[in-house]
Amino acid sequence: MRFLFFLCIGSQAFAQTADEVINKSITASGGADKWSKVVAMKYEGNYVMGPGMLAPVTEIQFTKPATTYYSDFTWQGMTSKTVMQADSGWTYNPFGGKRETDPINAEEIRSLKLDADPQGMLFNNAKKGYTADYLGLDDMEGSEVHKVRLTTKEGDMVYFYIDVQSFYVLKMVKRMKFKTKEDKSFVVYSDFRKNDFGLTIPYSTQRVDEKGNEQGGPVMLTKITVNPVFDSKLLDKPLSK
């Protein structure tokens with residue numbers, strides 16, 4: 001009995017909680033004080049289509065004047081766009097020959113809102129209405145990682161794979177259940193660098209499938225701007241042609 005007692009004490013001493021792992025991850029990426037000052041992020045870089053084939057991309061996230069998400073993708077002189085603000089949005093995709101915008105439905109809005117937080121979901125997750133759970137240790141291509149799950153009020157689940165050494169987020173899995181389907185997305189992060197604001201952010205993102213196989217090329221960032229000035233022209237729809 002005494003031996004079992006000491007085993008229990010030992011396991012509790014080394015046990016991790018979701019909050020402990022998340023707080024260490026926030027500290028490793030710049031600290032809570034810096035992240036608390038973030039109200040917008042702008043990412044610029046290129047989607048690697050193939051050897052020597054780069055397609056410029058931009059992604060912008062704002063919290064003021066309202067939760068806003070903007071992204072674009074340029075290839076062969078044409079630019080597709082996605083815009084969301086509050087509970088509405090639109091997409092513009094000229095690559096199929098269409099020159100008009102399409103509205104974003106409620107399910108897509110719900111998904112985009114998870115991507116529109118410039119602070120990321122982990123920071124102040126409880127205040128944002130998420131429930132955090134620690135799911136133990138896992139292996140990610142030979143790297144030991146902590147696995148943390150955030151669950152939204154709608155029941156959507158986002159899994160974070162956090163390196164046990166650096167406490168950087170190496171992978172994120174988003175699982176969303178809709179009325180007629182379930183969507184899953186998998187993103188792997190690498191090339192972590194500290195920017196001028198003092199935040200350590202991955203400059204390379206790669207979408208993968210459930211087995212870890214790469215889906216298309218990576219996005220290689222060249223510039224990250226913290227708290228850019230809000231440009232209302234981002235919300236303007238392209239003129240129909």
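Begin by selecting residues 157–163, which form strand β9, together with strand β10, and you will see two strands that pair in the antiparallel sense over six bridges. Bear in mind throughout that this is a predicted model.

Within this pair, select F160, and look across to β10, where M172 stands opposite F160. Next, follow the chain through the hairpin of β9 and β10, which has five residues between the strands, and stop at F167, where phi is positive, near 65 degrees.

Now colour the whole of strand β10, residues 169–177, and ask how many of its nine residues are buried. Seven of them are, so strand β10 is largely enclosed by the rest of the structure.

Selecting residues 182–194 shows strand β11, which runs antiparallel to β10 and is joined to β10 by seven bridges. To find one particular place in this pairing, select K174, whose bridge partner in β11 is S185.

For the last stop, select T200, which lies in strand β12, residues 200–208. Is T200 buried or exposed? Its relative accessible area is 11%, and because buried means under 20%, T200 counts as buried. Finally, display what surrounds T200: leaving aside neighbours within four places in sequence, T200 is in contact with A28, S29, Y168, F192, R193 and K194.

How values were computed:
Residues are numbered from 1 along each chain as its sequence is written. This is a predicted model: local features need pLDDT of at least 70, side-chain atom pairs count only at pLDDT 80 or more; totals for chains, interfaces and linings use all residues. Side-chain values use heavy atoms; hydrogens and water are left out. Helices (H or I, at least four residues) and strands (E, at least two) are DSSP runs, numbered from the N terminus. Buried means under 20% relative accessible area, exposed over 50%, partly exposed in between (1.4 Å probe, protein chains only). Contact means heavy atoms within 4.5 Å. Two strands pair if DSSP finds at least two bridges between them.
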